[in-house]
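Reader: I would like a close look at a single residue. Please show me the structure, then walk me through that one place and its setting.

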Amino acid sequence: MGATLWEATAGLLGPATLRIGVTGLARAGKTAFLTSVAANLLGLGAGLPTLPALTLRLAGRTLRVGVAPAGAGPVPRFDHAGHLACLGADPPRWPERTGAVSLLALDLEIGRAGLLAALPPRRLRLEFLDYPGEWLLDLALLGDAFSVWSRAALRRLERAPTAQAGEFLGFVQGLPVRAPADEALAAAGHRLYRATLQRLRDSAGLRFLQPGRFLMPAPGPEPPWMGFFPTATSGGLGELLTARYDAYRDAVRRDMADPLFGRVDRLVVLVDLLSALHEGAAAYADTAAALAAAAAGLRWQRSWLDAVPLLRDLPLPFWLTAGVRRVAFAATKADHVAERQRGNLAALARSLTRLPDEAAGAPVQACAVAAIRCTEDFVWTLEGRPVSAVRGRVLGDTRMTRSYPGEVPDRPPDATFWAHPFLALPEFEPMRLPGAGSGGVPQLGLDTLLAWLLDDML
Ligand SMILES: Nc1nc2c(ncn2[C@@H]2O[C@H](COP(=O)(O)OP(=O)(O)O)[C@@H](O)[C@H]2O)c(=O)[nH]1
Ligand SMILES: [Mg+2]
């Protein structure tokens, strides 16, 4: 019969809740991912073939899906209806940039098969938490004192392009060895440093930028302890900045341990690897470093962590260590390349995370997805040779644009790869949706990813 006791009894007492963290740096595709999850699960519940891999997993059982009532919960709700309305507009628009942390909660009712068919359906609540990857990067700060962090941060800036980092470095070098605790000086340094981080992200494509909350602040008014910057200066100013840095770390610890975010059972880490390939070797290396730092913050199994000397004393958020049962690393926007390249993209994501399944203790998966597919595959004849390319409508353009950014490497790229630039990715317009998205959103690989994440719950 294959039914477990859990299957037979689950849902009789109230819905079981599964919390799925969805994280990734800004522009990685979190909002698109959650919007597509909502539209396609609701579509599936309405009997539409939006997520074929899940249909297969359900094997004929019925599924009903509704948006869970917001209740009195503390986390802001993910505005899936608003985002879907953007996609359904004419012409379609991408959802607006979102701030920090929101929650998409869906209630599922799964029919039973075979001998259990007469029982009421199983109820399962899926809570998807949109969690900024920038905040995970802050985990790497926790172990470092201000002076250590400052030295490392200044070294990284010295290697960064002068156009972006020069002004701030000039300011820091101009500070006296013992500067007074002057508020105007602290504010000026902080402003310059934050602007530098923003420029490094937006113009140089760098990702390993700390502190993460400078780029993705928590909601609400900004506390005074945010006003620091890396420097080697001592004296009153050094003391003030050290105190602020320490208060910042306390806040990171508090946030991480905050039951507001509850306990995360599953985790999806999104990463825009294709853009990193385009931005070049430095940006790519930086993305890899950021991903490694985030992955280090996600050592979900204490047992594994304990096996690694030096790491075992790291203060880790309980919700990341306690119960993450499955982790998926997903390279996003995979509709920028044709089918034949997507396997390579998944392999590249896998190589970046360097987490062998057995060691991690939780099953790990790497894949390539397009939450909102904007293109179709086609064979393009370039210089007499057929290449697998894609075509779609670029934002603000009425014609179809063809695109072949290049070969995606299936392992960390070497010098030969960087010798030929990986071309820019056009910003495609989402496809026009019949019924303003009520019939789901075209996707690639999202169904397989969800079926894997939820496998043991379905
Ligand atoms: N072609 C394509 N572009 C995407 C996809 N997902 C996201 N994007 C692009 O990436 C941008 C940032 O995505 P968003 O979900 O807002 O990222 P977030 O900051 O992590 O929430 C979007 O505005 C789109 O331009 C996708 O599946 N396909
Ligand atoms: Mg977002």
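Author: Start with a term. A strand here is a DSSP run of E that holds at least two residues, and strands are numbered from the N terminus. Keep in mind that this is a predicted model.

Now take Ala328. Ala328 sits in strand β6, which covers residues 326-331. Is Ala328 buried or exposed? Count its neighbours. A residue needs 20 or more other C-beta atoms within 10 Å to be called buried. Ala328 has 22 C-beta neighbours inside 10 Å, so Ala328 counts as buried.

Which residues touch Ala328, once neighbours within four places in sequence are set aside? The contacts are Val268, Gln365, Cys367, Leu449, Trp452 and Leu453. Ala366 is worth a look too. Along the sequence, Ala366 and Ala328 are 38 residues apart. In space, their C-alpha atoms are 5.6 Å apart.

Step back to the whole protein chain. The chain has 458 residues, and 40% of them count as buried. Its secondary structure comprises 18 helices and 10 strands. Take the chain's contacts with a separation of 6 or more: 76% of these join residues 24 or more positions apart.

Finish with ligand 1. The ligand is surrounded by 21 residues. Gly29, Lys30, Thr31, Ala32 and Trp94 are the closest. Helix α2, residues 30-45, gives the largest share of this shell, with three residues. Sorted by class, the shell holds 10 nonpolar, six polar and five charged residues.

Terms used:
Residues numbered from 1 in each chain as written. Chains lettered and ligands numbered in written order. Predicted model: local features only at pLDDT ≥ 70, side-chain atom pairs only at ≥ 80, totals over all residues. Helix = DSSP H or I, 4+ residues; strand = E, 2+ residues; numbered from the N terminus. Buried ≥ 20, exposed ≤ 12 C-beta atoms within 10 Å, placed from the backbone. Contact = placed C-beta atoms within 7 Å. Near = placed C-beta within 6 Å. Nonpolar A, V, L, I, M, F, W, Y, C, P; charged D, E, K, R; others polar.
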